[in-house]
Amino acid sequence: MPDLLEVAAEPTRRRILQLLAAGESSVTPLAEHFTVSRSAISQHLLLLAEVGLVEARKEGRNRLYRLSPEGMARLHEQVAVFWTDELTILVADAHALAASRAPNPQDPPKGSP
């Protein structure tokens, strides 16, 4: 299965998720927001459904897509973990850099012989 963050990060799919946040939609109205073909949007929707970010239901001849609350919750959790881990690393790096720049009290003052 493709990586959830990788799938959601692609700009077209990210925009589709934003559009679906406003409510359920079929492919045709979604495709009107893009310069790519309706078929390409369908392929993006299939991948979003494969990773569980969207759900589809049939209504007559149309498939209506909507965000999956469970999938979006998993995406939120993964983003939160990513940022927590990355921020922890960033803070550790900042402390290490500050420590390397701090004067050593045992060193003679600058400008002294």
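Does Ala9 count as buried, exposed or partly exposed, and at what relative accessibility?

## Ala9 and the model

At 42% relative accessibility, Ala9 counts as partly exposed, a class that lies between buried (under 20% relative accessible area) and exposed (over 50%), with a 1.4 Å probe and protein chains only. Ala9 belongs to helix 1 (residues 4-9), where helices (H or I, at least four residues) and strands (E, at least two) are DSSP runs numbered from the N terminus. From Ala9 to Ala56 the C-alpha to C-alpha distance is 21 Å, with 47 residues of separation in sequence.

The model is predicted, so local features need pLDDT of at least 70 and side-chain atom pairs count only at pLDDT 80 or more, while totals for chains, interfaces and linings use all residues. Residues are numbered from 1 along each chain as its sequence is written, and side-chain values use heavy atoms, with hydrogens and water left out.

## Packing of helix 2 and helix 4

Helix 2 (residues 11-20) packs with helix 4 (residues 38-50) at an angle of about 80 degrees, their axes being 10 Å apart; the two are therefore roughly perpendicular, a term for angles of 65 to 115 degrees. In this contact (heavy atoms within 4.5 Å), Thr12, Arg13, Ile16, Leu17 and Leu20 of helix 2 meet Ile41, His44, Leu45, Leu47 and Leu48 of helix 4.

## The hairpin

Strand 1 (residues 54-59) and strand 2 (residues 62-67) run antiparallel and are joined by six bridges, where pairing requires at least two bridges found by DSSP. Arg57 has Leu64 in strand 2 as its bridge partner. Two residues lie between the strands of this hairpin, and Gly60 takes a positive phi near 65 degrees.

Note on methods: Axes are lines fitted to C-alpha atoms, for helices over the stretch in contact, and angles run from 0 to 180 degrees between N-to-C directions. Angles under 35 degrees count as roughly parallel, over 145 as roughly antiparallel, 65 to 115 as roughly perpendicular and the rest as oblique.
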